[in-house]
Amino acid sequence: EEETSVLAMGLLRWLLVAGHLLLALAATETAATTAAPHTGTDSHGVDTSHDSHAVHSHPHVALLFPFVSMLLGIMLTHLGSRWSFLASIPYTVSLLIVGVFLGLFHVETSGGLGTLSESMTLWMAIDPHLLLFGFLPVLLFGDAMSIVWHDFQRTAAQCAILAGPGVLIGTALMFVVAKFIFPYGWTAYECAAFGSVLAATDPVAVVGLLKEMGASRVLTMQIAGESLLNDGVAIVVWLVFYDFMKGEEAGAGIILVRFLQLAAGGILFGAVCGLIGARWMSLASDRLVHTDSLVQVALTITIAYISFFVGENELKVSGVLATIFAALMISKYATPLVVHKDGLGAVWHAMEYFGNTVLFTLCGVFSYESCKKVEWADFGWLIMLYLLATMARGLMIGMLWPLVNFAGGSDVTRTTWKECLVMTWGGLRGAVGLALALSMRNLLIQQGKEYTANLMVFFVSGFATLTLLVNATTCSALLQALELTKPPEAQIVILSTLRKLLVSISKKAFTDSLAQDGRFKAVQAAELDSLLEHLESEHHDGKHRDHHEEDSLSNMAAINLEGANEDQEAIDQLQVALEEEELKQEPAAETGTTPQAAEGEEKAKSKEHWWWGFEEVQPAQIQKGGPSSVFEKRFGFAVRGTHQERVVYRKLYLSMLRAEYIRLMDCGMLPIRAEGAELLLGSVDAADDFAALGLSDWKILQPQLLKRRGSILVKVREMLSPYFAFAPVTVSGGLSFDLFTVVAFIDAHHTVCHRLMKSDGLSGDAREDVINEACAELESAHTMLKDNHIGAPQISKVRTMQLATMLFEVQKDQVMRWQQQGVISDKETEELLHNVKHGLDHSEETLKKKVLNKIAKARETMMGKRLLVDTE
């Protein structure tokens, strides 16, 4: 609950920032349209006389484009998690392609996308400084705050060399290309500013890519640290030459002072902001105070924007470096002080996701628009620029390679030629360079150089597009070809051992459930055995397994599963015991159930325990003989205790019932996408409104359960509903219901009744009355099952599905426990969870088909027997 509130607070803060950004954007566009209302041109000299909608666009229209971008981005993220082909394409590359298509439709239809075109026009007229001030702080701060200070500290000198002299060398090389190879005759200052823009790599695109591919911590930190720092240095260099482009003259001494002011001043101011923020977070680090988590999240967001704005706008230092070093100070000093780390991480992840999605979609739109304003020959020069810039980066890294290794000072931080190749190929470009190019575009248009302005945007956006489309998509293959993501041999054996132990844990959980929980006595053991065989095949087919593993597994000590000091001998003993237990559990004849299951079914039939698997609820008998009341006539028993006590106990019972439903969903006993997940919680809420009259959740639930399958309205609702029936059962009258819902209803009521009866702190006549009311609700549910010939044989099939899901929940919890204990890394966690999810999807699909078929056959058999009895 607290993490959810933290997330909501963070998103609210981001929406407020976005709102201010959009208002400023609208104000900029309004000023542009009123400046030239009769000439048909905007402030950039672009003809807009054909587009009357752009002139009369309302400010709120600007809201549409970012949220359409988000909608498309969410679709890409969702589909990417299901389709392996789409998952192989980096998210930023997908966004860029989407942006190009949006730009194509917008430009080729002359604004024919309606309101969306109006919104895109407003965003394409945005002031570049507003773009930087609005989005850069949140993107830079989030990435820098996730950096481990130790990793940054041991590679800081290397990152500084690549981001300092490296940017200067890169700028000089690209200056040569723009001045002496390009045929456009740009001035020296324009070429130098253009070169500094191309020297800045994009940390947003690089960091996420390396983490996804599982590169080493040192390589990731070198590339990420260089990208974060060279943004600040490149912008400092760009500002110097940008001032020269505006006509300001200065000597070498003034240039050096200006450079030091921007770089050193930004670092110093950012460090001060970060230290103040860390100190404030220490004052708001009480985990027992609910608002402290909100204060911490809001404080980090505020520091990100304050450090950037005050540094860039008021102190005239580098806002990028100020934001980065403020985040690094937070990472160093405030990490142990964070009240809810998951909540803070979720907020920043959501904000970065929003910023990335809007910026890279906008970058794609600009890329297509810039292509329409240049000659065909310029595309050839773009390809030449891509090749020369890649070679220039490789030359820069090669020149600094000895110095980088010397600054590393140890074998741990030593850079090999393979890593230099990855650093060359991984120098992606993104939104930072585009924003700087847009600033130059505005200045050049004011100076009457419209074609040069369009060329600047075309080359920068086109170069960024090529690096994302080519470098980003092939960087993973490059890392694998160079064997930079291959884990050590010992790590492979450990991961394979953990897979094997997951199977052992599943088997142990299986036997424990059969022994301890009466609900699983009639589970179809043969089906679950086949499921475990599937798990073992997943283990043997793991992508990290090789021909040496089989020998290594027998000699390797098992890692502690529960925090105890178990060794390989203990694990072997456990596996032997499990195998012996499996041999004892031979399936019964014809039914395919275990002897214990058959005995449980026979017992259920003899006593007609349709609730099957529970100890019967037997509350204290109520004294009879008194005057009858409305409650006695309605429920069949007299009531005692005051009315107020009964209402309180009913509300308590319903509250416990809600908690039990949620627990069933958490442990897999009730699928979260089953109809019952919605209906059961809704019945509790509705029953709470009538607590003064008695428990009525079954009376509310039953009519919602039954659905007429042939109804068109029901089919349309099922298509639109996020919930569906996992075990649908057809009954008389063409109606059907989900058996999962009824089973969960019975389970939860039995559990809560026993829990309420055994509670020493709760007593009184009113409690017994409420338990009797609950028994009446239970009996109504049992009656519906008996009337529709649904008994223990059918319920056992549902139990099979429940136990299968629970086994995978046990696996998932164990994997997360290993991650919390530091046994496995984030990358290995994702890999193991992927195996678990694949097995869960396979088992759900397989068992669902079997369960539905067997439920139908069992019901036909029971109907035939009932018809035979009636005939006799």
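**Figure 1. Lysine 786 and its salt-bridge partner in the predicted model.** At 25% relative accessibility, lysine 786 counts as partly exposed. In this predicted model, the side chain of lysine 786 forms a salt bridge with that of glutamate 779, with an N to O distance of 3.7 Å. Glutamate 779 is likewise partly exposed, its relative accessible area being 36%.

Figure 2. Helix H33 spans residues 792-820 and contains both glutamate 809 and lysine 812. The two residues are 3 positions apart, about one turn of the helix, and they form a salt bridge in which the closest N and O atoms are 3.2 Å apart. Glutamate 809 has a relative accessible area of 18% and is therefore buried, the cut-off being under 20%. Lysine 812, with a relative accessible area of 33%, is partly exposed.

Figure 3. Arginine 755 pairs with glutamate 660 in a salt bridge, their closest N and O atoms lying 3.5 Å apart. Arginine 755 belongs to helix H31 and glutamate 660 to helix H27 (residues 643-667), so the pair ties together parts that are 95 residues apart in sequence. Glutamate 660 is buried, at 1% relative accessibility, whereas arginine 755 is partly exposed at 40%. Both residues belong to a network of salt bridges that also includes Arg663. The count for the model comes to 16 salt bridges.

**Figure 4. The three-stranded sheet.** An open sheet is formed by 3 strands in the order S1-S3-S2, with antiparallel pairing. Strand S1 (707-708) and strand S2 (728-730) are the edge strands, each pairing on one side only. Between S2 and strand S3 (residues 735-738), the antiparallel pairing extends over 3 bridges. Phenylalanine 737 in S3 is the bridge partner of valine 729.

**Figure 5. Helix H31 against the sheet.** Helix H31 comprises 19 residues (739-757). From its first C-alpha to its last, H31 reaches 27 Å, close to the 27 Å expected at 1.5 Å a residue. The helix lies across S2 and S3 and runs at about 50° to S3. Of the 19 residues of H31, 17 are buried, so the helix is largely enclosed by the rest of the structure.

Note on methods:
Residues numbered from 1 in each chain as written. Predicted model: local features only at pLDDT ≥ 70, side-chain atom pairs only at ≥ 80, totals over all residues. Heavy atoms only, no water. Helix = DSSP H or I, 4+ residues; strand = E, 2+ residues; numbered from the N terminus. Expected span 1.5 Å × (residues − 1). Buried < 20%, exposed > 50% of the residue type's maximum accessible area, 1.4 Å probe, protein only. Pairing = 2+ DSSP bridges. Contact = heavy atoms within 4.5 Å. Axes fitted to C-alpha atoms, helices over the stretch in contact; angles between N-to-C directions. Salt bridge = Lys/Arg side-chain N within 4 Å of Asp/Glu carboxyl O.
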